[in-house]
Amino acid sequence: MTTPSLEALLRIGPFHSALRAAIRRRGLTLERLRLRLAQQDVAVALSTLSDWQQGRVRPISPKSLRAVSVLEELLEVPSRSLLRLLEHSGPSGWPDVVPGMMPGFNTYDLEIVSRHDRVFVNAERHASRVHVQVVGRARKDGVDRFYAHYYCDDSVRTSEVVHEPVRNCRAGRSSRNEAEHVTVEELLFDRSLTAGETWVFEFAVHDPTRLDSFEYAHGVRCFMAQSLIEVHFDPAALPLDPHVYLQDWQESEPHRTIDLALDHTNSVHHFETDVSVNWVGIRWKWA
């Protein structure tokens, strides 16, 4: 596995990955780090430190920001390097700028609790259709939409990719970035949610790709309680060596984790809980 340097993460984030890398380089356990903070009269629970480095929670209170300042000293990183990541990022600790994002889009108001993607690979080896079911939870009152990001390959113009609302949502605004090969589709709910309320909705993506598909992944901007990816293969195009991979932000290469086998429906799947790595996906090869 190739991992990004700590210096790179301190420049570009996300906050939780930079914090995790700094802790790893110092060789400190979270308990030892908690004790060292306590010696500086900074009380931080072990569970809070864990949440910070996994991206589940972002330090935002004055007390938490003081703790981050002390962490910079204990972890021997440049002064304000971690704090700067928090100042110039969204609520999840990721950079504010997202390829394809149009002005006014906010991806943080809806927490993604669970996401289930069903990918259909046709006889031409193309992942031409994806069906997505999402369970979201409003982080504040008034949340009434979701922004669906989709990255297509170089053979497809983003204008050719179609998002189809299926259940409990309807089409809103759309943003296409040809240079980054990314689409952002606004899916509007039937009503506004109150803080803490959940909403289940479904949509499909139709991708007229003309290249052989060899992977599908979820991008996780902060933390996802449940991720399920299913890939269904046409009997005329069965893959070789399907496996799960993980990849953190700015890692140049993914790392393989679990070997998969086709079931009786010519499908593979992977279910993951408490996802904090930035990409989780399934890859395969062709004969």
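Visitor: Are α3 and α5 roughly parallel or roughly perpendicular to each other?
Guide: α3 and α5 are roughly perpendicular to each other. Angles of 65 to 115 degrees get that label, while those under 35 count as roughly parallel, over 145 as roughly antiparallel and the rest as oblique. This is a predicted model, in which local features need pLDDT of at least 70 and side-chain atom pairs pLDDT 80 or more, while totals for chains, interfaces and linings use all residues. Residues are numbered from 1 along each chain as its sequence is written, and side-chain values use heavy atoms, without hydrogens or water.

Visitor: At what angle do they pack, and how far apart are the axes?
Guide: Helix α3 (residues 30-39) and helix α5 (residues 62-74) pack at about 110 degrees, with their axes 10 Å apart. Axes are lines fitted to C-alpha atoms, for helices over the stretch in contact, and angles run from 0 to 180 degrees between N-to-C directions. Helices (H or I, at least four residues) and strands (E, at least two) are DSSP runs, numbered from the N terminus.

Visitor: Which residues meet there?
Guide: From α3, L33, R36 and L37 meet A67, V70, L71 and L74 of α5; contact means heavy atoms within 4.5 Å. By class, the contact has 6 nonpolar, no polar and 1 charged residues. Ala, Val, Leu, Ile, Met, Phe, Trp, Tyr, Cys and Pro count as nonpolar, Asp, Glu, Lys and Arg as charged, and the others, Gly among them, as polar.

Visitor: And α4, which of its residues are buried?
Guide: In helix α4 (residues 46-54), the buried residues are L49, W52, Q53 and Q54. Buried means under 20% relative accessible area, exposed over 50% and partly exposed in between, with a 1.4 Å probe and protein chains only. Their cover includes α2 (15-26), α3 and α5. After α4 comes G55, with a positive phi near 85 degrees.

Visitor: Switching to strands. What's the order in the 4-stranded sheet?
Guide: The order is β8-β13-β10-β11, in an open sheet with antiparallel pairing. Two strands pair if DSSP finds at least two bridges between them. β8 (215-219) and β11 (255-259) are at the edges with a single partner strand each, so one side of each has no neighbour in the sheet. The twist averages 25 degrees from one strand to the next.

Visitor: How many bridges between β10 and β13?
Guide: β10 (residues 240-247) and β13 (residues 279-285) pair antiparallel over 6 bridges. V244 stands opposite I282 in β13.

Visitor: What about the 6-stranded one, what order is that?
Guide: That open sheet runs β4-β7-β2-β1-β9-β12, with mixed pairing. β9 (residues 224-233) is joined to β12 by 8 bridges, antiparallel, and H232 stands opposite S267 in β12.

Visitor: How many residues of β6 are buried?
Guide: In β6 (residues 182-193), 9 of the 12 residues are buried, so the strand is largely enclosed by the rest of the structure. 8 bridges join β6 to β3 (residues 143-151), antiparallel, with Y150 opposite T183 in β6. β5 (residues 170-177) is also antiparallel to β6, over 6 bridges, and S174 stands opposite E185 in β6.

Visitor: What's between β5 and β6?
Guide: The two form a hairpin with 4 residues between them, and H181 in the turn has a positive phi of about 55 degrees.

Visitor: How many helices and strands overall?
Guide: The chain has 6 helices and 13 strands, and 47% of its 287 residues count as buried.
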